[in-house]
Amino acid sequence: MPRHASFVPHGVIPAVLLPFHDDLSIDEKSFRSHLRDVAAVKGVSALTINAHSTEVASCTFDEQRRVLEVTQDEVGGKFPIVNGVWADGSLEAARIARMAADGGASALLVFPPAPFTLGQSPEMALAHFKRIADATDLPIIVFQYPLATGQGYPRDTLLRMVDQVPSIRAIKDWAGNVPQHEMHIRMLQSLPRPVNVLTTHSAWLFSSLVLGCNGLLSGSGSVIADLQAQLFHAMQANELAEAKRLNDRIQPTARVFYAEPWADMHNRMKEALVLLGRLPRAVVRPPLVKLSRAEIDRIRTALVEAGLLDAKASRDAA
């Protein structure tokens, strides 16, 4: 099926999860059901796959291609699909980008190469993105990491990238720094060719949206896409009281999902979907491991606090 033409990444873009069987193979039946659940939420603009939320680091190239095929088959006619590009080298990144374009994706979410943890130059960043842009004309979302990781792009580098790679249409902003985040919003969204800022500060989403992001791209959307969509649209309408009310419902889930270690955030979201009856099991691939019973109980309590799980049913299931 052809991709959605001229898609500019914006609005509420959940990053879905990838269910596995006990033998660690992909559970396609459960994945299809999960895709349908998220796609049914009013106010969603697109879906993201082959990203942190789908444990992309543990998936082979062929598995990533299959994830895209299944997603296209289930929801491609309804939504643009954002396909992650996770690769340490630019040649492999370009290969994934071509695969995504061939498979009908509407945009790319480009993760920073791991070697940048040792340091980067503007020329390195430009070379990486130009290689990807040469492989496909799909719109690119730049995943902006915190500068302290070495994988984040400094202001001047980001401006050069946007100037020299016209297919960059958005950033997924995980700067983790409020002044830097606000600078990105003010600077990028006001360029002659605007670049949308999609927040992924899901641990403080309300605060982030107040600054004026044109969208959000979040793994939490695998569980609370409806609350995120309502919050985003309340902020767009300047309905602050309603936004605060929604944020009070979101906060318990943010507290448990984004506890340390952060590597377990999507592990916790899988457990939440099991508790909500939307997934049959919460299996993750190593090096991730099964959460403790105490942590699962904390997730259950948070879902009750958020009004997502009936307290009595929760006690009966425990």
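**Figure 1. What lines the largest cavity: six nonpolar residues, four polar and no charged ones.** For these classes, Ala, Val, Leu, Ile, Met, Phe, Trp, Tyr, Cys and Pro count as nonpolar, Asp, Glu, Lys and Arg as charged, and the others, Gly among them, as polar. This is a predicted model, where local features need pLDDT of at least 70 and side-chain atom pairs count only at pLDDT 80 or more, while totals for chains, interfaces and linings use all residues. Residues are numbered from 1 along each chain as its sequence is written, and side-chain values use heavy atoms, with hydrogens and water left out. The lining is made up of S202, L205, S220, I224, Q228, I250, T253, A254, F257 and Y258. Helices here are DSSP runs of H or I, at least four residues, numbered from the N terminus. The volume comes to about 40 Å³, and a search of the whole structure turns up one cavity of 30 Å³ or more. On a 1 Å grid over the protein atoms alone, a cavity is a set of points where a 1.4 Å probe fits but cannot get out, a pocket is an open set with protein on both sides within 12 Å along at least five of seven lines, and lining residues have an atom within 4 Å of a point. Grid points are joined across faces, edges and corners, and a volume is the space filled by probe spheres set on the points.

**Figure 2. The largest pocket, at about 700 Å³.** Its lining takes in 36 residues, with H52, W86, Y145, A263 and H266 nearest the centre. Helix α10 (residues 265-275) is the top contributor, with four residues. By class, the lining splits into 21 nonpolar, eleven polar and four charged residues.

**Figure 3. Helix α9 (residues 240-257) against helix α11 (residues 293-305).** They pack at about 165°, with axes 7 Å apart; axes are lines fitted to C-alpha atoms over the stretch in contact, and angles run from 0 to 180 degrees between N-to-C directions. The pair is therefore roughly antiparallel, a label for angles over 145 degrees. On the α9 side, P252, T253, R255 and V256 meet R298, I299, A302, L303 and E305 of α11, where contact means heavy atoms within 4.5 Å. That contact has five nonpolar, one polar and three charged residues.

Definitions and conventions
Helix = DSSP H or I, 4+ residues; strand = E, 2+ residues; numbered from the N terminus. Parallel < 35°, antiparallel > 145°, perpendicular 65-115°, else oblique.
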